[in-house]
Amino acid sequence: MRSFVYQRATTTAQAATAAIKPGVKIIAGGTNLLDLMKLQVETPSTLVDINRLPLDKIEETPEGGLRIGALVRNSDLAADFRVRQRYGALSRALLSGASAQLRNKATTGGNLLQRTRCYYFYDVTKPCNKRNPGSGCAALAGFNRIHAILGTSNDCIATHPSDMAVAMRALDATVETVNRDGKARAIPIAEFHRLPGNTPEIETSLRSGEIITAVTLPQPPPGMQVYRKVRDRASYAFALVSVAAIVDSTRGRIRSARLAFGGLAHKPWRITQAEQRLTNATADTRAFNVAADAVLEGARGFGGNDFKIPLTRRTLHAVLADVTKA
Ligand code: SF4
């Protein structure tokens with residue numbers, strides 16, 4: 001790891017002002033950033049620690065939702081009784097991520113901003129357009145078992161690694177930010193993460209000098225919530241495919257459905273056509289297949305990850321059968 005200057009921010013304006021300067025990185029839990037620094041994928045000249053900012057509360061909103069401070073730790077969010085009662089998919093998604101030690105450190109804002117786990121991104125001897133724009137993509141013809149099948153480009157096939165963000169996408173969360181002038185912005189989570197296109201190094205719609213202050217959840221939608229994660233081992237592994245599902249059904253008839261997927265794309269993947277096709281449908285194999293067809297439209301494997309296409313279909317079937325059986 002290279003030497004760097006360490007500073008502590010006491011206000012969000014101070015942190016936002018510092019974040020504009022080249023070479024400055026904001027640190028909160030540091031569970032991803034410190035790994036990147038050890039591998040010299042990130043070599044900041046200054047780290048600005050925001051852990052003392054007052055952004056660690058979970059509060060009720062007047063609209064009946066929750067406002068989650070950017071510094072709320074993943075383990076505290078998962079354990080909050082309001083989250084467990086009303087946003088079960090979010091609680092389960094959080095608990096399926098990383099390890100207990102990492103969840104104790106990782107923050108809500110940092111979880112949204114974590115970088116891909118593409119092997120080549122972490123290996124500075126390999127070409128990677130995300131790490132070094134214009135250098136190429138070693139994953140295209142390389143070992144791409146964990147890579148994307150949807151929304152890919154010729155420049156990058158990486159996935160977003162967050163479980164939390166997938167559940168937040170199904171819940172229609174909003175990301176709140178502030179800049180150095182104190183100007184606040186509310187970004188729907190659907191617009192927060194980007195597809196790679198020909199600029200895979202730009203991963204979010206966050207502007208220079210903007211700091212995430214909170215994530216707001218609206219009132220929970222009706223229906224049963226689940227989060228199912230398929231991975232190579234039972235813990236401490238990223239999703240090959242994950243599904244956050246919120247399905248309102250009775251006696252085998254689906255009234256409404258929300259479905260968001262992880263492990264498939266550069267951002268949490270949600271296809272409203274799939275949800276529309278399930279609305280007012282009988283919960284059976286035919287309906288599940290129609291929804292899966294909509295989710296997988298345009299899916300493309302790159303050799304090592306071809307299995308994700310049938311795996312996504314089977315996982316969706318299993319989840320929908322589960323939540324509609326009552
Ligand atoms: Fe880099 Fe993206 Fe290619 Fe991975 S998939 S090597 S992150 S450009």
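Tutor: The questions below go through cavities, the ligand and salt bridges in turn. This is a predicted model, in which local features need pLDDT of at least 70 and side-chain atom pairs count only at pLDDT 80 or more, while totals for chains, interfaces and linings use all residues. Residues are numbered from 1 along each chain as its sequence is written, and side-chain values use heavy atoms, with hydrogens and water left out.

Student: Which residues lie nearest the centre of the largest cavity?

Tutor: The largest cavity has a volume of about 80 Å³. Lining residues have an atom within 4 Å of a point. The lining here has 15 residues, and nearest the centre are Cys-118, Cys-128, Cys-137, Ala-139 and Cys-156.

Student: Where does the ligand sit?

Tutor: A molecule sits in a cavity if more than half of its atoms lie within 2 Å of the cavity's grid points. By that test the ligand's place is the largest cavity.

Student: Which residues are closest to the ligand?

Tutor: A residue is near a molecule if one of its heavy atoms lies within 4 Å of it. The ligand is surrounded by 14 residues, and the closest are Cys-118, Cys-128, Cys-137, Asp-155 and Cys-156.

Student: How many polar residues line the second largest cavity?

Tutor: The second largest cavity, with a volume of about 60 Å³, has a lining that includes Gln-114, Lys-130, Glu-203 and His-266. Ala, Val, Leu, Ile, Met, Phe, Trp, Tyr, Cys and Pro count as nonpolar, Asp, Glu, Lys and Arg as charged, and the others, Gly among them, as polar. By class this lining has 2 nonpolar and 2 charged residues, and the polar count is 5.

Student: Are Asp-163 and Lys-229 buried or exposed?

Tutor: The two form a salt bridge, with the closest N and O atoms 2.7 Å apart; the term requires a side-chain nitrogen of Lys or Arg within 4 Å of a carboxyl oxygen of Asp or Glu. Buried means under 20% relative accessible area, exposed over 50%, and partly exposed in between, with a 1.4 Å probe and protein chains only. On that scale both Asp-163 and Lys-229 are buried.

Student: How many residues apart in sequence are the parts tied together by Arg-270 and Asp-172?

Tutor: The side chains of Arg-270 and Asp-172 meet in a salt bridge of 2.9 Å, N to O. Arg-270 counts as buried at 15% relative accessibility, while Asp-172 is partly exposed at 34%. Arg-270 lies in the loop between strand 11 and helix 10, and Asp-172 in the loop between helix 8 and strand 6, so the parts they tie together are apart in sequence by 98 residues.

Technical notes: 1 Å grid on protein atoms, 1.4 Å probe; cavity = no way out; pocket = protein on both sides within 12 Å on 5 of 7 lines; lining within 4 Å. Points joined across faces, edges and corners; volume = space filled by probe spheres on them. Helix = DSSP H or I, 4+ residues; strand = E, 2+ residues; numbered from the N terminus.
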